Amino acid sequence: MNKSPHTLIIGAGIGGLTAGALLLKAGHRVTVLEAHVYPGGSAGTFYHKKYRFDAGATLAGGFSPGGPHARVAEALELTWPIHPVDPAWVVHLPDGRTVTQWTNPQQWQAERQAAFPGTEPFWQKLEMLAELAWDISSRPFPWPPESLHDIYTLARAIRPSTLRALPYLLRTIGSLAPNDDPMFRAFLDAQLLISAQTTSQQANALYGSAALDLPRRGVNHVRGGIGALADTLVNWIRQNGGEVLFRQQVTQIEMKNGRAAAIHTNKGLYLKADNILANLTPWALRDLLGENAPSQLAREVRQREATWGAFTLYLGVDAAKLPQTGPDHHQIIVDGERPLGEGNSVFVSLSDPEDASRAPAGHRAMTLSTHTEIAPWWQLRHGDKGAYHARRDDYTQRLLNAAEIALSGLRSAIQLTLPGTPVTFEFYTRRPSGMVGGFPQKSLLQARGPATGIENVWLVGDSIFPGQSTAGVTLGAMRVADLVQRVRWLERPFRLWQPNPSQPNTA
Ligand SMILES: Cc1cc2nc3c(=O)[nH]c(=O)nc-3n(C[C@H](O)[C@H](O)[C@H](O)COP(=O)(O)OP(=O)(O)OC[C@H]3O[C@@H](n4cnc5c(N)ncnc54)[C@H](O)[C@@H]3O)c2cc1C
């Protein structure tokens, strides 16, 4: 009989699959249970009428040397199906100007100096902070610390240069940035909203510096769509003796003597476990534990404010009717006076024209997305279906209007339109209420770690620090994989402080 620990992973998102693969490599028996018929969750790619649409994520970062995905590839000896794109994306400002996010450092410096004269000292400081943040994240850095071993690991990760970050620990990007140009603020806010889930007045300076530095670190197209990253991990797990089971929605975690002992699925599968990794939000984990949820977790989900949802539009388009040159990713800010999100800031991604698997010949698959508050969607869905559909149509037009700014003639090119609301996201990703993107990164002192209050259950995915993005959840997964291998009495989780769960998602 195989005596290796059996680790069950609930959810085949990038976080769950990455942690699963690393644990398999470390000698665990690994079973991943996925509710859906394909992996990837918010970074999945779905097939519809000969198109492959990216469901949520479209920008693939973190693959340059030292980046999280590159480190996983090295550890697992796998190759990602990617190739770089430059420019990363183009930002369309409300005054009609565009700012191109070049990956090439010299081009980016020239671009920002031309677009925002006088802001160079800010960018220099930002790049210094980003270097520090990337350097810290290149070593095991278990933040927030939840055990004595975490504190020991953090202490070992600190270098003399790390101390330069100290004055900025509690600062926000807004406190560092010049304040006299509304277009510059709109630019920063839009970048931070998609990467830190909050805007410059609230985004932590260290976190925000790394987020704003993302284009410079390189962005890639993924062959077959971003879901091919998850497919790569599924194949690796299966080829190396692990299991990934689709159409198996975990419905309950069974407890015995204060530890998780087994799971039940909607297909009647019952599996015993030594460890469980929940690639879930805290709300979803609480639901699976029911009355066995530790009081700390139950309190957390009672007190936390809802996070953002997404409204998305998937378009199949005739490539001949679109502008024939230009980048594949655009971010459009429609009105600098109104809050971002809700169709006022829209991210637009076109599939790689060279990738024949994404669309029928001569066509391209597009994903458009905007941040949206979840509550109004659910109120209408439960109270007035007609009004829900009218809101969906209104948001569809808002996104198309915004996208037309970047891609004139877009409407005439559309052959297929599919909208996605938080209701859709809940159905396809099983994330309660369709809350996506993790928690806003406002304060490092409020960061959430992987502990759940049950010693053999951990969270993995974008609810734990450093939060959203395939690169972010990969860093979190590396931490959790390490943690699961090291559980000893000395490392039993304890909280150094309670995260303050009230983090309003105002932007
Ligand atoms: C609109 C949008 C745009 C984004 N753009 C980008 C981008 O451009 N670049 C980027 O890097 N990131 C982007 N992100 C963020 C990124 O997609 C996510 O942060 C990341 O993919 C989350 O990964 P995760 O590991 O938390 O898992 P999730 O994506 O949440 O996946 C969890 C998986 O678990 C499964 N599951 C849930 N409950 C159960 C259960 N009970 N039983 C079995 N299975 C279950 C789900 O079906 C799902 O497959 C975007 C997100 C959205 C929504």
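Arginine 430, which follows helix H16, has a positive phi near 60 degrees; helices (H or I, at least four residues) and strands (E, at least two) are DSSP runs, numbered from the N terminus. The model is predicted, and local features need pLDDT of at least 70, side-chain atom pairs count only at pLDDT 80 or more, and totals for chains, interfaces and linings use all residues. Residues are numbered from 1 along each chain as its sequence is written.

Helix H16 covers residues 422-429, and its buried residues are Pro422, Phe425, Glu426 and Thr429 (buried: 20 or more other C-beta atoms within 10 Å of the residue's own, with C-beta atoms placed from the backbone). Seen down the axis of H16, these residues fall within an arc of 100 degrees, so they line one face of the helix; the arc is that of the directions from the helix axis to the C-beta atoms. They pack against S15, strand S18 (363-372), helix H13 (375-383) and strand S19 (414-420), where contact requires C-beta atoms, placed from the backbone, within 7 Å.

The ligand is surrounded by 39 residues, the closest being Gly11, Gly13, Gly15, Gly41 and Gly461 (C-beta atom, placed from the backbone, within 6 Å of the molecule). Two or more residues of this shell come from each of helix H1 (14-25), strand S15 (309-318) and helix H17 (470-485).

Elsewhere, strands S11 (residues 250-256) and S12 (residues 259-265) pair in the antiparallel sense over six bridges; pairing requires at least two bridges found by DSSP. Glutamate 254 has alanine 262 in S12 as its bridge partner. Two residues lie between the strands of this hairpin, and asparagine 257 takes a positive phi near 50 degrees.

Note on methods. A residue is buried if 20 or more other C-beta atoms lie within 10 Å of its own, exposed if 12 or fewer, and partly exposed in between; C-beta atoms are placed from the backbone. Two residues are in contact if their C-beta atoms, placed from the backbone, lie within 7 Å.
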